[in-house]
Amino acid sequence: MKFGGTSVANVDRIRNVAEHVKREVDAGNEIAVVVSAMAGKTNELVAWCKEAGSHFDNAEYDAIVASGELVTSGLLALVLKDIGLQARSWQGWQIPLLTDDAHGSARILKIDGSGLLDCFRRGEIAVVAGFQGFHASTNRVTTLGRGGSDTSAVALAAAIGADRCDIYTDVDGVYTTDPRVVPKARRLDKVSFEEMLEMASLGAKVLQVRSVEVAMVHKVKLYVRSSFDDPADPKRGTLICDEEEIVEQQIVTGIAFSRDEAQITLREVADKPGVAAAIFGPLAEASINVDMIIQVVSDDTTTTDITFTVPASEYERAMGILEARREKIGFAKISGAQDVVKISAIGVGMRSHSGVAARAFKALAEKGINIRAITTSEIKFSMLIDEAYTELAVRTLHSLYGLDAKV
Ligand code: ADP
Ligand code: ASP
Ligand code: MG
């Protein structure tokens, strides 16, 4: 059972979590629990790091931001004991949950599940601090990237051979789009791993992308549900499962959006072999992910315009790298936009249906929304538009593909 930040936001909420745990224990299950930090805590810790750190150090950053989960794991263990259950807290290094040393977004290498299994033998509930791991040879605490407690939970479930991994959050499942933006969004009973992976990658932050990858590889039965349901009478959530298990397949399953995008345009770039390499090589070396790329065919045959997107957080760095190579690459002008958003439609049904994206282009045009860039792949397509139109565009596509809840 994994509980996110809003589910453990204060001691009262933690008492509520304990009731969910008790229900499962009473039903005869052996439980390991993974908790996030209290809502807002990690943001506060990150802000403190920035405030303190003229000598920014990723290892110290991890030591600091991992502390939020220490508090909630201890508190939940206390509260469980209070209602008569046996429990103890576990930090990442105590398990140990071993990772590489990519501080801030470390990858899990190995988990020793034996300590938790011993817990079960003693009839004790293991309460694990999510988000954090341990790099053995440097003897340092690591963290798994924002939203990483989901991945802690799924990886632990795989390591101990759990029957199920339940992700408790503040919504009662995975919806056709973010229910906070589209009130008509519908809860999905089942979503395939592949679609969930795309939805998470394209902005639906209900699950961390890596948690879905790990579940897919290790065949962990993943269930998203709400901790705000009555612990005595929980409702249904969303099962993430293999495509074959889903009987009623829609063409489009969900709409995702990401505000974490920035657009860069290079004008009058010399149109000759090697120019794309000259632009994107240095960005790759700087570990900047380039997503959408458009090269315009220009009237004169000697120059072209190239537009592409990078994560908003890398915008300044990318602009700096390109400015510094203006002569070498050979472009006349560089411009950028940060008030853009990427809207995506996802569905395995796109494999067997044509014209799915074309309908979206038409629908957005009718609302006067200009599309700046487009990318497509087998089970999704994405469009870059002005941020001001985010909600209108998401709602338009949501209705267009028949996803609105019937009222
Ligand atoms: P937690 O703290 O429990 O990990 P998160 O805030 O990380 O919770 O994720 C839950 C949130 O994800 C929801 O409150 C919702 O606004 C957002 N969300 C975005 N897209 C979706 C979606 N397709 N389905 C459900 N929730 C979504
Ligand atoms: N507390 C961490 C975060 O806010 C990890 C998590 O909640 O999953 O990113
Ligand atoms: Mg989360």
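1. The chain has 407 residues, for which a compact globule would have a radius of gyration near 22 Å; the value for the chain is 23 Å, which agrees. The radius is taken over C-alpha atoms, and the globule rule is 2.2 Å times the number of residues to the power 0.38.

2. This is a predicted model, in which local features need pLDDT of at least 70 and side-chain atom pairs count only at pLDDT 80 or more, while totals for chains, interfaces and linings use all residues. Residues are numbered from 1 along each chain as its sequence is written, and side-chain values use heavy atoms, with hydrogens and water left out.

3. Along its principal axes, the C-alpha trace spans about 80 × 55 × 35 Å. The chain holds 13 helices and 18 strands, taken as DSSP runs (H or I, at least four residues; E, at least two) numbered from the N terminus.

4. Of the 407 residues, 50% count as buried, that is, under 20% relative accessible area with a 1.4 Å probe, protein chains only. Among contacts (heavy atoms within 4.5 Å) with a separation of 6 or more, 73% join residues 24 or more positions apart.

5. Which residues lie nearest the centre of the second largest pocket? They are Glu30, Ile31, Ala162, Asp163 and Arg164, from a lining of 20 residues. A pocket here is an open set of points on a 1 Å grid over the protein atoms alone, where a 1.4 Å probe fits, with protein on both sides within 12 Å along at least five of seven lines; lining residues have an atom within 4 Å of a point.

6. Helix 6 (149-159) is one of the elements that supply at least two residues of this lining, and its 3 residues are the largest share.

Note on methods:
Chains are lettered from A and ligands numbered from 1 in the order in which they are written.
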